[in-house]
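Please consult the sequence and the structure shown below while reading.

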Amino acid sequence: MHALLRFSRWLEVFSRLIAGLALIGLLGVTVVDVALRYLYRLSDGALSLSVVGSVELVSYLMLFALLAAMAANVEKSQVVVEAFSHGLRDSLKARIAGVYLLGFVVLGLVLAFGLWDAAASAASHGETTQDLRLPMAPIYAIASGLCVLLSVRCLLHAALGAIFAHQVESVE
């Protein structure tokens, strides 16, 4: 059980790092783009600088940030409705939550396989993004990897909950 917890914590830190880097990149692109647009407006069009493909960059960075954040917060993101479970023992609640996480394992795997198929298709057809002409295959492959990361963390916490009745303490 402790090995599963350590591995899950390592994956959590890795996911948070990816999400943080994606958010920093997203914010950096947005701030630079807004500043350059403001400079354009202040100079009455004399300085025509802009970040080419900023909307595209922001959308893909947001995709990576959201998928990584989902993987990082698997065990803390479940909503517990006390009306249905207030009379149950804590160990039974943990086991039910573990079984519930198996649905997210399946969801993550379905998304991962779909994105991996899209990556293979994009690679074989030479698909690129609309503005920057970046290859789409690596974008889909990274998103697929983040979905696998989500599934692995959900599977770890499903096992911890369903088998070991491990319950994550709520952070308040």
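In this predicted model, helix H2 (residues 54–72) has the highest mean pLDDT among the elements of the protein, at 96, whereas helix H3 (residues 82–85) has the lowest, at 68. The protein as a whole averages a pLDDT of 90, and 93% of the residues score at least 70.

The structure holds two aromatic pairs. One of them joins Trp10 and Phe14 in a stacked arrangement, with 5.8 Å from centre to centre and 0° between the planes. Both residues belong to helix H1 (residues 2–42), and because they are four residues apart there, about one helical turn separates Trp10 from Phe14. Trp10 has a relative accessible area of 53% and is therefore exposed, the cut-off for this class being over 50%. Phe14, with a relative accessible area of 37%, is partly exposed.

Tyr100 and Phe104 form an aromatic pair that is edge-to-face, at 5.5 Å centre to centre and with 70° between the planes. These two residues, Tyr100 and Phe104, lie in helix H4 (residues 90–125), four residues apart, which is about one turn of the helix. Tyr100 is partly exposed, and Phe104 likewise counts as partly exposed.

| Residue | Relative accessible area | Class |
|---|---|---|
| Trp10 | 53% | exposed |
| Phe14 | 37% | partly exposed |
| Tyr100 | 47% | partly exposed |
| Phe104 | 29% | partly exposed |

Note on methods. Residues numbered from 1 in each chain as written. Predicted model: local features only at pLDDT ≥ 70, side-chain atom pairs only at ≥ 80, totals over all residues. Heavy atoms only, no water. pLDDT = per-residue confidence, 0-100. Phe/Tyr/Trp six-rings, centres within 6.5 Å; stacked < 30°, edge-to-face > 60°. Buried < 20%, exposed > 50% of the residue type's maximum accessible area, 1.4 Å probe, protein only.
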